[in-house]
Amino acid sequence: MKPRWIVISLLVVLAAGCGGQAPPPEAEGPSFKVKRQFIYPEEFPPGKPYTPGVLAGDYLYIAGQVSLDPQSREQPATIEDQTHMAMKNMGYVLRDAGMDYDNVVTCHVQLDDMDNYKGMNEVYGSYYTSGRYPARTTLEFPGLPSDSHVEITCVAYADKSKIEVVRPGEGATPAAMGPYSPAVWAGDRLYLSGQGGRNPQTNEIDPTTEGQTKQTLENVGTILKAAGLGFENTVMVNPYYLGHDNYAKLNSVYREYFDLGRPSARGSFCLSRLPGTISVEITFTATRNLQKKGRVLPHGRRPSHTAVPATIDGNTMFFAAKSAPAAGDDVESQFRASMEHWRRVLKLAGMGFENVVSTNVYLKDLDDMPKMTEVFREYFPESPPVRTTLQVIQEGSREKVRQEISMIAVR
Amino acid sequence: MKRTSAAYLIICLALSAGTLLGEHHHKVERQFIYPDEFAPGKAYTPGILVGDYLYISGQIDKDPKTGEQPEGIADQTRMAMDNMGHVLRAAGMDFGNVVTCHVQLVDMDNYKDMNEVYGSYFGPDHFPARTTLEFPGLPGNANLEVTCIGYADKSKISLVVPPEGAIPAAMGPYRPGVWAGDMLYVSGSGGRNPKTNETPASIEGQTEQTMKTIGAILETAGLTHEDAVFVNVYFLDPDGYQGPTYGKLNSVYKNFFTIGSAPSRASFCLSRLPGTISTEITFVATRDTASKGRVVPSYMGTSPTSSGGGVLAGDTLWTSGKSGKGDTIEEQMRDSLEKIRDTLNLAGMDMEHVVDAHVYLKDVADMDKMNAVFKEYFPNNPPARTTLQVTQKQLEQVQVVAVR
């Protein structure tokens, strides 16, 4: 008795013609372990290099939504109307995925002027009716695509019964400055709000980067603990900081919180401004499935106390941000080198680019966006992932870095 | 009932991940080799041909149907080799395809006689890499168990022989290193100094010399220690891992790897090694470093001596040896296999991708109980397997090779 698959594969192989040719891809495309749906609302013009929303299992990844009308590309005049525009754009994706704003579990609100913080807050907060605000990270970037003044990137979760807010005791962490929750559970994954270095007791901010980083991580630790987790549960982290020189200072404290070789995937970015007077803000994602968590390292990669190339949480893989300044002066060469690096890492985990559901591209210069997009299309010719593109500051030793890409892939 | 002896089966190439068919989840095509000469119903498959690599189960010195054991090590060696020959033949190969062997004896005094018969199956131009060991026990009271890997494409098998005097002279019919495609199999090496022919008195000195000898073989092949994917470390100590030898050995072993780059590893305390050495180390390495990397469960820290999880080269993954928690052999075995599953899952694989398993028991009398758990995890098309008895406190230890 031969197993049935031998017969089937023989037929397929014969049908494809033996002699080194791969069988043609099947009409229904790649078969994924976790079911997914590509959400492309009719309000968006066709032909985008990314998909506005990808629903993978219960997680809906939404592309960064800017404050421009998706058809006319017009941008309203005030931050209030601009925020309405970005939120409505996001609403189309939620609607087509069968969700509403109360399914949103975490957001990055990206402004080009932190002075708009208050105006944005009022409008942003009005979209959540359950009183259960998503986790949130608010940042000022030196540039957003299409001269947009606000860009909002969110993740939503399909099963509202498994969305739960984590609130440490009164006074354990700094009071919220806007409509966000300290952390939100979505299934087995915990999304934390961006944390800064305000001391919850004194309400003061340490003047040094080291002191702020320490206080930030203490605040994060308090939230993780309230959720029954620790730093070992974290899967992805984004530190944001002001001033190139502060990166090493941040790391000197950050590394104390992780064993050698066991930190999370990480993408760190130098920005133009952060909320209030903080100069460090850190956003964590964590999992309660420690047993199904792991790390992936290509040959030659040395373990560190600050980052691993990729963390796996069950069927989801989180990638650090990858730059490739040595690959050439142009953004295409650098972007391709980053993607080839990620191809190796994907392969180690038994995945390929077709598994990628979400991408974040950080450019030194937004004028590079069309060139980056051209290469992006090469790697994602069909059913592309969602994408958020941002401009960050690259200076000092990072001056030659034209791009960084971070991703999420699902089996 | 024969699964397949299917020489007619054209293995065209790996089906792409995008065209998974039915219950078949393998990217690299494989054939389960179950020769007519073997009694049906075994918990393992005698041979698995996956891509070009043929993993052959440990073959003992008994008639595979009647269970009769010939007398004398010469005939016993012949029996084990003939059993292996059945698998090779059913896979369309011969002894010239064998690239590496572990020869496992219960009495090292049989070394010389075994050598004579074993060597007669190979040569004169080709001898596989080899590791010869004495174990405190083998399954079914066998006196000999031989575990080998074959490679289908003879044009991609080549021998690696360092310059005269760079490594100790071979004590038997084996070659220092053998290439099979992009994989290099290195013979078990001991701590004999190639110049003085002496073995250092201390375990540290022996380990240092052993790793240098391996380094010389790797260098001849254009590789370094860090290109290794899997290592077996064997040592002698009446107190097993709890004795002083293991720690001393590791204190030297780790110096040959940058922290975090050590290959997967499985280490065992045995009853005797060839000659006067008290440690022997076997390397498997790859030249395809672009596709090499590691997956490590987060509950494993960064070890200076082991991957702690799995090392991949292309579509093949080698796990480190795992022993489990629990009071009984069944509990421990299940826990080990769950740990192995955690590592496999990180690489996008599961138990059905395992092609070769090594099970190390504290007592081979636990074989039936171990088999029952093994069958739970591998109900259909089980992997090739080698079972051995070692000196250890825990009741079992498992190590596997899996292929996508």
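Predicted model: local features only at pLDDT ≥ 70, side-chain atom pairs only at ≥ 80, totals over all residues.
**Helix H3 of chain B**

H3(B) covers residues 203–220, which makes 18 residues. Its first and last C-alpha atoms are 26 Å apart, close to the 26 Å expected at 1.5 Å a residue. Its buried residues include Ile203(B), Gln206(B), Thr207(B), Gln209(B) and Thr210(B). Further along, Met211(B), Thr213(B), Ile214(B), Ile217(B) and Leu218(B) are buried too. What do these buried residues of H3(B) pack against? The partners are strands E8 (157–160), E9 (177–180), E10 (183–186) and E13 (279–286), together with helix H4 (244–253), in chain B.

The axes of H3(B) and H4(B) come within 8 Å and cross at roughly 40 degrees. The two helices are therefore oblique to each other. H3(B) passes H4(B) in a right-handed crossing. On the H3(B) side, the contact is made by Ile203(B), Glu204(B), Thr207(B), Glu208(B) and Met211(B). H4(B) supplies Thr245(B), Lys248(B), Leu249(B), Ser251(B), Val252(B) and Tyr253(B). Within that H3(B) set, Ile203(B), Thr207(B) and Met211(B) are also on the list of buried residues. An α-helix has 3.6 residues a turn, so residues three or four places apart point the same way.

**Helix H2 of chain A**

H2(A) runs over residues 79–96. Its 18 residues should span 26 Å at 1.5 Å a residue, and its end C-alpha atoms are 26 Å apart, which agrees. Among its buried residues are Ile79(A), Gln82(A), Thr83(A), Met85(A), Ala86(A) and Met87(A). Asn89(A), Met90(A), Tyr92(A), Val93(A) and Leu94(A) are buried as well. The buried residues of H2(A) pack against strands E1 (36–39), E2 (53–56), E3 (59–62), E4 (65–66) and E7 (150–157), and against helix H3 (117–126), in chain A. Just after H2(A), Gly98(A) takes a positive phi of about 75 degrees.

How do H2(A) and H3(A) cross? Their axes come within 8 Å at roughly 40 degrees. That makes H2(A) oblique to H3(A). The crossing is right-handed. Ile79(A), Glu80(A), Thr83(A), His84(A) and Met87(A) in H2(A) meet Gly119(A), Met120(A), Glu122(A), Val123(A) and Tyr124(A) in H3(A).

**Helices H6 and H7 of chain A**

H6(A) spans residues 331–348 and H7(A) spans residues 369–379. Their axes come within 9 Å and cross at roughly 30 degrees. The pair is therefore roughly parallel, since angles under 35 degrees count as such. H6(A) passes H7(A) in a right-handed crossing. Val331(A), Glu332(A), Phe335(A), Arg336(A) and Met339(A) in H6(A) meet Lys371(A), Met372(A), Val375(A) and Tyr379(A) in H7(A).

| Helix pair | Axes come within | Crossing angle |
|---|---|---|
| H3(B) and H4(B) | 8 Å | roughly 40 degrees |
| H2(A) and H3(A) | 8 Å | roughly 40 degrees |
| H6(A) and H7(A) | 9 Å | roughly 30 degrees |

**The nonpolar core**

In soluble globular proteins, nonpolar side chains tend to be buried together. Here the largest nonpolar core has 223 residues. Which of them touch the most other members? They are Ile62(A), Val105(A), Ala156(A), Ala310(A) and Ala349(A). Leaving aside neighbours within four places in sequence, Ile62(A) is in contact with Gly53(A), Met90(A), Val93(A), Thr153(A), Cys154(A), Val155(A), Ala156(A) and Val386(A).

**Loops and backbone**

Pro263(A) is found in the loop between helix H5 (246–254) and strand E12 (265–266) of chain A. Is Pro263(A) buried or exposed? It is buried, because 24 other C-beta atoms lie within 10 Å and 20 or more is the cut-off. Pro263(A) and Ala307(A) are 44 residues apart in sequence, but their C-alpha atoms are 5.2 Å apart. Not counting residues up to four places away in sequence, Pro263(A) touches Phe258(A), Ser304(A), His305(A), Thr306(A), Ala307(A) and Val308(A).

Most residues other than glycine have a negative phi, and most peptide bonds are trans. Phi of Ser383(A) is near 40 degrees, a positive value. Ser383(A) is found in the loop between H7 and strand E19 (386–391) of chain A. With 15 other C-beta atoms within 10 Å, Ser383(A) is partly exposed. Phi of Asn381(B) is also positive, near 40 degrees. Asn381(B) is found in the loop between helix H6 (367–377) and strand E18 (384–389) of chain B. Asn381(B) has 16 C-beta neighbours inside 10 Å and counts as partly exposed.

A cis peptide bond joins Gly123(B) and Pro124(B), with omega about 0 degrees. Pro124(B) is found in the loop between helix H2 (111–120) and strand E6 (129–134) of chain B.

How values were computed. Residues numbered from 1 in each chain as written. Chains lettered and ligands numbered in written order. Helix = DSSP H or I, 4+ residues; strand = E, 2+ residues; numbered from the N terminus. Expected span 1.5 Å × (residues − 1). Buried ≥ 20, exposed ≤ 12 C-beta atoms within 10 Å, placed from the backbone. Contact = placed C-beta atoms within 7 Å. Core = buried A, V, L, I, M, F, W, Y, C linked by C-beta atoms within 7 Å. Axes fitted to C-alpha atoms, helices over the stretch in contact; angles between N-to-C directions. Parallel < 35°, antiparallel > 145°, perpendicular 65-115°, else oblique. Left-handed = near helix turned anticlockwise from the far one by under 90°.
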